[in-house]
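Hi,

Here is the structure I said I would pass on.

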2 protein chains.
Amino acid sequence: MDGHLDGGVVHVGQDARQRYYDSRGYGYPLGGNDVALAPVEAAHLLYRGDLDSVDGMEFREFIRDATDPGFMPRFLVYADLRERGFYLSPAKADWLHGVEPDSEDFVVYPRGKGPTDGEVEYRVRVVGERETVDAVALGDGVLAVVDEESEITYLDTDHPDIDGSAGISLPTGVDCDLLADRATCWNPPAKLYEEGFYGTPLDGRDSDLGAIQLSLVEAAYLATRGAVDVDPETVCARGREVEGERFDRRLRVYAALREAEVVPKTGFKFGADFRTYAEFESVDDFGHSEMLVRVLPISHTFAPRDLALDVRLANGVRKEMVFGLVDRPGDGVTWLRVGRLTP
Amino acid sequence: MDGHLDGGVVHVGQDARQRYYDSRGYGYPLGGNDVALAPVEAAHLLYRGDLDSVDGMEFREFIRDATDPGFMPRFLVYADLRERGFYLSPAKADWLHGVEPDSEDFVVYPRGKGPTDGEVEYRVRVVGERETVDAVALGDGVLAVVDEESEITYLDTDHPDIDGSAGISLPTGVDCDLLADRATCWNPPAKLYEEGFYGTPLDGRDSDLGAIQLSLVEAAYLATRGAVDVDPETVCARGREVEGERFDRRLRVYAALREAEVVPKTGFKFGADFRTYAEFESVDDFGHSEMLVRVLPISHTFAPRDLALDVRLANGVRKEMVFGLVDRPGDGVTWLRVGRLTP
């Protein structure tokens, strides 16, 4: 069987409809027995030896001829998902039945289903590892990243609800000193550290001062609510001095987490902004932290490699990787969860 | 006991020499029974209640009075190492015996030893998580990072020898097409992939084309050595087009690893440039990769949080985190290893 390129698709005649479309979900019917194949579908049929040539080109010539730099990554993902037992179509209206295309590259059907069943298993967007991805473009499907050695990493993205049961009442007016880039509370009530998990004891084995150190974010949150006796504006100004705009973003995400009754503590050891506890009884009785949270402006563009790093680390420590995307003051935080997926 | 500040140190009289210096390694003797304490040492004695005041200030007033933003991080590290059973001194000539100070903050003696023994366990530099650290300043001691919640992460740094036993002979003139941002070799000899671990098979279960895909870095390395039949300059130009200067840095590190008989493969899934195998027999028989390598210009400054992320991830997958620092063309690669340390 031979095909020929016509207006960006590959036309194949003879028994193509039965052979490619009806039995294996390639392309879309043109009328009669003809089928139109996307270049990536035609390449896959050439690759398998199920199509002999396109305008005289075999597989090698066909892929060498593709000038679109995204073609090879898309082909590799297409072939990989086919190997994993899925039928999939380019996300364009001609190929789809009862499914609306969005910004993805491929619509992947559940195993055993095809283009005429109107069911979707995954919506997959393909990027090479050197491309960047807007944070706002994620959250509604699968990102397939093709690395420089042509290996594929699948990342599932969604917008989770953040919700905990760590409702904690605050003390008022705890004695507190603002130091250079942290604060110290002296003899605070149990509500602060033991019950609220605010701060870190300064005391060690060698001392029993009754002092708790707060991060600037903790101090700003508590000061704004009158829980500690320092001026909130002074704390925030200090925060901006040492962290710039990042301080306000982090404070907003911190506050959103606390309002959602989730306890945030520093994620520094994991290279993140926060680790979080959705349940918290007291410092003597709390479990494993469930999320790592990285705070980013909503205009952020990800390098896929940085995403891979965050997600891999979170996986390794059995936590979910969540990004807190912050827009203008007054807007809420957009939560973006990214996890590994094996299709 | 009371002290008073004099020229940046705290003088204490009475039986201070016996009490602080001789028996517990604080400060240095001034003559008679007087001892000079660094502010951080005085703070620790105040904190323990072993010194009553300095110029009338107790611990709270003393630390509030410290204007140097690095004081609290240094105090926290000093107190932590004391708690861990070490004696340590500020890295300044007055405090040291038979030990030359370098750029570190503290000289830490082996457990059971003190300032007069002339032995060093660790040289510790202290930074807050918001400070940056020059890559060239690392490699010769311990970096103690104090995070915003006053927790400490110790990172050990050195310059490792990179050396493997994967000496691999190359084929010549393998048929190869340069595609957009990768290359494909057709029917290459076993020397390339099976014996050399260059490239990734394009073939899957569905195909037996005999094709291997190379990354641009692999293709450039092989082309330069005549192993594949594409023009090295064209490959490098393509690399620069898609990665900028980073391509040349990565190629230099790739080549340095191969010359050291270590096999580099992409580290994308770990968010790094390369993972490496020091021993490699064939693709049917190779072990666990030992290192993750990130390529950076030698002028790079680290954010401690990024370092924490890399080192934590490498630890989690039982690999060493190594940075390949690249200077001007012609200069060798400077290898910097960073690992976690529990003092």
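Before the helices, one convention: a crossing is called left-handed if the near helix is turned anticlockwise from the far one by less than a right angle, and right-handed if clockwise. Bear in mind too that this is a predicted model.

With that in hand, take helix H5 (residues 216–224) and helix H6 (residues 232–243) of chain A. H5(A) passes H6(A) in a left-handed crossing. Their axes come within 8 Å and cross at roughly 155°. On the H5(A) side, the contact is made by A:Leu216, A:Ala219, A:Ala220, A:Ala223 and A:Thr224. H6(A) answers with A:Pro232, A:Val235, A:Cys236, A:Arg238 and A:Gly239. By type, the residues of this contact are 7 nonpolar, 2 polar and 1 charged.

Next, the sheet. In chain A, 4 strands form an open sheet in the order S12-S13-S15-S14, with antiparallel pairing. Strand S12 (176–178) and strand S14 (200–201) are the edges, each pairing on one side only. S14(A) pairs with strand S15 (residues 211–215) of chain A over 2 bridges, in the antiparallel sense.

Now the two chains. How is chain B superposed on chain A? A rotation of 180° does it, with 0.0 Å of shift along its axis and an RMSD of 0.0 Å. That is the relation of a two-fold axis. In chain B, the C-alpha nearest the axis belongs to B:Leu313, 2.6 Å from it.

As for the interface, 51 residues of chain B are in contact with 51 residues of chain A. Several elements of chain B each supply at least two residues to the side that touches chain A, among them helix H2 (39–48), helix H4 (71–83), strand S13 (182–186), strand S15 (211–215) and helix H6 (232–243). Helix H8 (304–316) of chain B is on that list as well, and H8(B) gives the most, with 7 residues. The residues on this side of chain B divide into 18 nonpolar, 11 polar and 22 charged. The copies meet through the same surface, because 100% of the interface residues of chain B are also interface residues in chain A.

That's everything from my side for now.

Cheers

How values were computed. Residues numbered from 1 in each chain as written. Chains lettered and ligands numbered in written order. Predicted model: local features only at pLDDT ≥ 70, side-chain atom pairs only at ≥ 80, totals over all residues. Axes fitted to C-alpha atoms, helices over the stretch in contact; angles between N-to-C directions. Contact = placed C-beta atoms within 7 Å. Nonpolar A, V, L, I, M, F, W, Y, C, P; charged D, E, K, R; others polar. Least-squares fit on C-alpha atoms with pLDDT ≥ 70 in both. Pairing = 2+ DSSP bridges.
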